Amino acid sequence: MTEDMQNATYLFEQPSRIFKNSESRWTAMAQMCLLYLSRNNSEQLPVYKSDTDGYLSKEGSLLLSGLEFTNTVCEQKLKGEIFEIDSFENKFNHICPDILRVDKKEKQVTIIEIKTLSESVQRNLNLYSDLKKYLSSKPNWKCDLFYLLSHGHEQRNDWPALARINANIILWEDLFSLMK
């Protein structure tokens, strides 16, 4: 996390809490930032794990290379054809990951679920975890799942849930810091 920005949550309620930008707008912004960083040789974003109280510890990095306009989309409804899977499980057909990167050559999928102000991860937490396991179970496919949150994420009940599934967390504060 940056020294000059400890909590980016306030940005999501601009210009005011009752007159603010949608999560879709922030999703598009995050995708554009990640694509920009990938093209401009920014190496990686820190990845954190949470304890049940929301205290984060750095556990690795998300490599940004390889994200391109040709393999990364926002809010795309999933279907088996995307992954070259003929019998795609129906329970995943209605999922629209905020950011989805599919590298068919490397058989690598990256899913980034984005949360801003008061939106909770818990509505689809198990479904996304199951999707990750499902895609990773396919021959030669690998799937990584990340949650992009602010350090000041308001849904305090999300932290224990994220800790329970050992979720990969990336921070808005780090993304904004790299965009300087």
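Strands are DSSP runs of at least two residues in state E, numbered from the N terminus. In this predicted model, N168 belongs to strand β9, which covers residues 168–171. N168 is buried, with a relative accessibility of 17%. The side chain of N168 has a polar atom 3.3 Å from the backbone oxygen of L145. Leaving aside residues up to four places away in sequence, N168 touches L145, F146 and Y147, and also V47, Y48 and K49.

One of these contacts, Y48, has a bridge partner in β4, namely K58. Strand β3 spans residues 44–50 and strand β4 residues 56–63. The two strands run antiparallel and are joined by seven bridges. Together β3 and β4 form a hairpin, with five residues between them. Within the turn, G54 has a positive phi of about 90°. In a regular strand, side chains alternate between the two faces of the sheet.

The cysteines were examined next. A disulfide requires two cysteine sulfur atoms within 2.5 Å. By this criterion the model has zero disulfides. C33 takes part in none, and the nearest cysteine sulfur, in C74, is 11 Å away. C33 is buried, at a relative accessible area of 10%.

Conventions
Residues are numbered from 1 along each chain as its sequence is written. This is a predicted model: local features need pLDDT of at least 70, side-chain atom pairs count only at pLDDT 80 or more; totals for chains, interfaces and linings use all residues. Side-chain values use heavy atoms; hydrogens and water are left out. Buried means under 20% relative accessible area, exposed over 50%, partly exposed in between (1.4 Å probe, protein chains only). Two strands pair if DSSP finds at least two bridges between them. Helices (H or I, at least four residues) and strands (E, at least two) are DSSP runs, numbered from the N terminus. A polar contact is a pair of N or O atoms within 3.5 Å; within protein, one must be able to donate a hydrogen and the other to accept it, and residues adjacent in sequence count only if both atoms are side-chain atoms. Contact means heavy atoms within 4.5 Å.
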